[in-house]
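These are my notebook entries on a structure that I went through by topic. I begin with the model itself and then record each search in turn.

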Amino acid sequence: MAAVPYLLSPASLRDAMSAGNVSVLDATWFMPNSPRRPLQEFQAKRILGARFLDLDEVASSHTLGLKHMMPSERLFADACEKLGIHSDSHVVIYDTHGVFSSPRALFMFRAFGHQKSSILDGGLPRWEAEGFETVAIPPTEEKRSTYPAPVYSGAAVRSYEQVVANSLLDPASNPAAELVVDARSLGRFLGTDPEPRPGLSSGHIPRSFSLPFTAFLKSHTVPGSSLQYTTFLSEPELRQAVVNAIGADQAQLVLTGKRPITTSCGSGMTAGVLWLGLKLLGAPNVALYDESWTGYASRPESRIEKSA
């Protein structure tokens with residue numbers, strides 16, 4: 001069977017839905033300081049047949065109170081069963097930003113071995129902009145499915161301890177060192193701008209690189225309105241963004257699998273955008289730091305740098 005693509009266009013999703021055995025999920029998530037409520041917006045407008053995936057709910061608890069941490073195998077399977085997803089369902093995930101939180105949800109499905117999964121590139125705004133229908137009727141109750149216990153790929157996720165140990169290794173001289181790329185804005189990375197979470201220091205993990213998730217995305221304006229949404233850049237543009245962030249030599253090592261790379265962000269959400277962009281380029285060894293900056297900077301023993 002041909003590999004399921006990471007990205008689907010609205011027309012491709014329509015065709016897949018017509019063929020059947022597709023589970024469409026709205027995985028919209030907003031920053032903690034946003035007044036918007038994704039579930040309420042989903043109930044007001046959605047793709048017909050879509051279900052809502054709450055990434056903060058389908059998550060493991062954490063001693064630091066961190067949100068949307070990777071769930072256990074059983075929690076993931078239970079969520080799939082409640083959403084009516086089968087192990088052979090083609091899961092297609094969207095959000096209302098275009099590309100923002102849907103890659104994190106895709107990362108979760110792929111990490112649990114559900115390879116038949118994609119995101120809708122451009123999300124709900126692009127779906128509407130290209131003339132496809134949305135509905136405002138409440139979703140009907142989904143018939144519960146049976147989802148077998150998945151096998152979790154722990155190799156796809158990095159822990160705090162692993163990130164700290166790796167930060168002691170110099171990638172310029174140590175081939176075992178993983179590169180860490182940070183999806184937050186450059187100002188937060190440098191420590192010149194504040195974090196959106198009160199009381200949390202900005203700055204970055206030693207030896208990490210700044211690669212804002214927006215560097216992987218293109219903005220579009222919906223015709224006849226001021227509404228904007230994002231899609232992924234073309235592969236040549238993605239490759240150039242990686243080169244700009246870590247240099248041509250390191251980019252070559254990463255994309256050929258000779259240098260592992262880990263993505264990080266504020267809380268593990270937009271790290272998914274970098275993860276997916278790197279996977280689109282064929283990078284084989286890409287992990288995600290689940291706690292990301294919130295977990296790292298919340299610990300008083302963490303070393304924080306505030307320069308380039």
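**Entry 1: a loop residue, R207**

I located R207 in the loop between α7 (186-190) and β8; helices (H or I, at least four residues) and strands (E, at least two) are DSSP runs, numbered from the N terminus. I note that this is a predicted model, in which local features need pLDDT of at least 70, side-chain atom pairs count only at pLDDT 80 or more, and totals for chains, interfaces and linings use all residues. Residues are numbered from 1 along each chain as its sequence is written, and side-chain values use heavy atoms, with hydrogens and water left out.

I looked up the backbone of R207 and found phi near 70°, a positive value in a residue other than glycine. With a relative accessible area of 39%, R207 is partly exposed; buried means under 20% relative accessible area, exposed over 50%, and partly exposed in between (1.4 Å probe, protein chains only).

**Entry 2: the cavity**

I searched for cavities and found one of 30 Å³ or more. On a 1 Å grid over the protein atoms alone, a cavity is a set of points where a 1.4 Å probe fits but cannot get out, and lining residues have an atom within 4 Å of a point. Grid points are joined across faces, edges and corners, and a volume is the space filled by probe spheres set on the points. The largest cavity holds about 50 Å³ of space.

Which residues line the largest cavity? I listed V163, N166, S167, P171, E178, V180, I205, P206 and R207. Helix α6 (residues 160-167) gives the most to this lining, with three residues. I sorted the lining into five nonpolar, two polar and two charged residues (Ala, Val, Leu, Ile, Met, Phe, Trp, Tyr, Cys and Pro count as nonpolar, Asp, Glu, Lys and Arg as charged, and the others, Gly among them, as polar).

**Entry 3: aromatic pairs**

My search of the whole structure gave twelve aromatic pairs. Rings of Phe, Tyr and Trp (its six-membered ring) pair if their centres lie within 6.5 Å; planes under 30 degrees apart count as stacked, over 60 as edge-to-face and the rest as tilted.

W29 and F100 form a stacked pair, because their ring centres are 6.3 Å apart and their planes stand at 20°. W29 is in the loop between β2 (22-26) and α2 (38-44) and F100 in the loop between β4 (90-94) and α4 (102-111), so this pair ties together parts 71 residues apart in sequence. I recorded both W29 and F100 as buried.

F213 lies in the loop between β8 (209-210) and β9 (217-221), so its pairing with F100 ties together parts 113 residues apart in sequence. F213 is buried, as is F100.

Elsewhere I traced a cluster in which ring pairs link F76, F109, F112, Y147 and Y152.

**Entry 4: charges over rings**

I found R184 over the face of W293, at 4.4 Å from the ring centre. R299 lies over the face of Y160, at 4.1 Å from the ring centre. A charge sits over a ring if NZ of Lys or CZ of Arg is within 6 Å of the ring centre and within 35 degrees of the ring normal.

**Entry 5: cysteines**

How many disulfides does a search of the whole structure find? I found zero, a disulfide being a pair of cysteine sulfur atoms within 2.5 Å. C80 counts as buried at 1% relative accessibility, and C265 counts as buried at 1%.

Methods: On a 1 Å grid over the protein atoms alone, a cavity is a set of points where a 1.4 Å probe fits but cannot get out, and a pocket is an open set with protein on both sides within 12 Å along at least five of seven lines; lining residues have an atom within 4 Å of a point.
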